[in-house]
Amino acid sequence: MTQNSQSIRASPQVLGWIRQIQKEQATGLELETAAREARISFESALGEPLTEAQQAHWLAAQEEIRRSLEAPPERVEPNAIRKPRRPQWYKGPAASDANWPAFKAYLLERKRWAQSTVDSLDTTSTEIVSLLEAPTQPAFRGRGLVVGYVQSGKTANMMAVIAKAVDAGYKFVIVLAGLTNSLRTQTQGRFEADLRARNPLGWHLHTSRDDFRTPPNLWFSVMDQAQVAIVKKNVTPLRRLIKAIEKTPPALRERMPVLIIDDECDQASVNSSGSQFDMTAINGAIRRLLQLLPKVQYIGYTATPFANVLINPELTDGQLDDLYPEDFISALPPPAGYFGAESLFGKAPADAGDETPEETGLDMIREIPVPDAAAVRPPSARDRDQFDPTVPPSLDEALSYFLMATAARYARGQRDQHASMLVHTTVYTVIHNRLASAIRDWLDAAPEMSTTSEGRARLKALWDRELASVDSARWDLSPVDFEEVLRQLPQVLEDLEIVVENSSSDMRLAYEDGPRKYIVVGGSVLARGLTIEGLTVSYFVRSSNQYDTLLQMGRWFGYRPGYEDLPRIWMSPDLAVAFRDLGGVESEIRADIAEYARRDLTPADFAVRIRQLPGMAITAASKMVAAESCDVSFSGEHLQTIRFQHRDSALLDRNWQAGAALVSAAASAGKVVGRPQGRLIRDVSFDHVRTFLRSYAASEKDRFSDGLLDYIATEMAADSDAFRHWNIALIEPPAGKPASQALGAFGAPRMVTRSRLNMPRADGAADIKALMSRRDVLADVEAPAPADDWEAVKLHRQASVGDQVPLLLLYAIDPNSTPAAESKYRTSLDAVSEVLGVGLVLPDRGARKQYVRVRLARDEDGEDVLADLPGEED
């Protein structure tokens, strides 16, 4: 390419033509027609034909749009595990495609998406379409799973996949769109706005504001248009759909490659009968639907795939094919600007010590005290009819802050955008109405807050405190002055509405009618799929002990453009801890998918590992009948104790004595050597280590050895040299204070400092978040590591000592440990005596199949988590 042609492509004139052509494309025109319309409009306004130079710019703009559409998407790190030897039939979109180019232009020009966001959507959707079965095959069946994030834009990815799949030859699209009319209608609206409006003549819809009805001729015909049915996961419309397919002649079915997208596929789609030989109605209907279609590709979308990866992949004779994603599992990358569990609640730090802001999480979580929670939810199901909720101090504070945060958004010019507050306290619909009434009474008195000196002082103190907690400059925003907030408050109060959104309410969120300012009170309807636009404040008391249910309740995850500094969440401390732990579980699942993609393994080879959290169930027990007891590989792992019963003197003393016995036994049989990190004993018999691991426990219910000794025994049985000898190191900082008691033959060790998180736990344990640092891994290695990330450091150690010798690390923790610097996230450890921490570095000996352990549990008050969802239609 010549330098002159490159300069033309980058010129302002070409960029201007690109914008004009894409505006025409966004109406649904293909590239050549859109370019011609843009030219006609320009020449009409100019009153004369294009000059030679203008025509060159016009042609260059078309070529640039065509190049951007047809260029192979930039490869990202592998995000999918897939069947091997699958032919690469799809290479990406073409400029002549009918749907994706128009949708892309619509996102850029009408919805004002950033170019980088659209490029990311282009890349991930192309990867997913490339994993589908080629629609030109004479027959096929495909099963896949796409794992997104809660409120992360999965619907946009679905629409991009639909557009590209239809452009590539799929003729019929069925979207299974949630359990409620609200969710189905929301998805229908998105499809019509995003795709059908771009290409009205290219689609034939079998659904509209109404759910699926039997076609007039009772079956489906083959059409030039792509056919679409967006169906609620309800037995009645699914049976109608099945009957229409059954009546469609087989010869016609063979000419219709069908794409089925199951939105929120872990809800209702998975068999929850408790037996693989029985099927729940919706699961059976979906499986029957797949059986009837000779050319069908099924994709499930969810942010909580726990139930889906536990579907039994093995079928007995005569069973209908189930929905295990045997062909591929794809994990969408986190979108730019997304607020997820780790960004809000923090994540495990790379090293012990004070965390970075990313590791700590944003200071946006506020506590709901126990008495306040009791004021907004009944103590049990039996009390719900007599219970009258009130507005306790924490809800008063949350409501006040929401009014001011919305006023701040007005001051930033965002009055024309949605703003919402979520109040989610219980599943019981009768309580929703009463609480909404209490909030309405509170709002009636709200104008007085800004007119009295006492009310203004209280509001100002709250606003100043919240301004100081989050740095607006992190997002290039300026804080809004309190006086400006006060000026906007009357308009906020005038615009505000209260909506009760549940199965028995006549009120509904109506964001399509213009910018709305809502306080939304509801339950499970709000906890799955339904988008709450402009969500700024959440008041959340509702609990669940299931991973999937709890994560789906997190409606506060998502995007907050222009007000990233303003969201706040009021919840109990235990819930905050649970969400932080679940953020870690999510990360582990995605890391495993990426690792197995790197190793080119498939979903048929690999069972997704899901870590068990104490006191929580992964999903409903009836969805876990195929899960096996944990047979976990600890290969290549580094393990560390991070939670301690720091006020239990008897437990702390038993652990210390167990460590002392290990050190004395090891020192008597081996040589103690000094290391920069402390002291080291090499070649310690596993007999001594096993005795220690059986004795040590971070708490009575959290024994460090659970599952680990079984794994070690299996490895030793397979390899007589593996794990026979261990290296043991005591980590001692040079300037550490000596302990008040001896640790066996080591005497009084120098102690490390590990303060605890300033976040109370229900079990009373101290959470230090991290015990080990990366350099500790090299306590038995002479040469320094060439890299400083965890995996590189562990690989360096293994290259030095081999794959048969584990490392056990001991840490004497100062009971009076305080944060290294003033921190609102950490506080003094305040243990009753010295705490013994333990770390393990285990060699990488290859991966094995891994399954979760089933733990039966029930949800809040023993109630079904879908208690306020409507039943099946007649």
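The chain holds 24 helices and 24 strands, counted as DSSP runs (H or I of at least four residues for helices, E of at least two for strands) and numbered from the N terminus. This is a predicted model, where local features need pLDDT of at least 70, side-chain atom pairs count only at pLDDT 80 or more, and totals for chains, interfaces and linings use all residues. Residues are numbered from 1 along each chain as its sequence is written, and side-chain values use heavy atoms, with hydrogens and water left out.

Of the 874 residues, 55% are buried, meaning under 20% relative accessible area with a 1.4 Å probe, protein chains only. Take the contacts (heavy atoms within 4.5 Å) between residues at least 6 apart in sequence: 77% of them link residues at least 24 apart.

Now for a sheet. Six strands form an open one, ordered E9-E14-E13-E10-E12-E11 with parallel pairing; two strands pair if DSSP finds at least two bridges between them. Strand E9 (365–367) and strand E11 (496–501) sit at the edges with a single partner strand each, so one side of each has no neighbour in the sheet. Inside the order, E13 (residues 535–540) and E14 (residues 568–571) run parallel and are joined by four bridges, with Val537 standing opposite Arg568 in E14.

Then there's helix H15 (residues 393–411). Its 19 residues should span 27 Å at 1.5 Å a residue, and the end C-alpha atoms are 27 Å apart, which agrees; the expected span is 1.5 Å times one less than the number of residues. Since 16 of those 19 residues are buried, H15 is largely enclosed by the rest of the structure. After H15 comes Gly413, with a positive phi near 85°.

Notes. Buried < 20%, exposed > 50% of the residue type's maximum accessible area, 1.4 Å probe, protein only.
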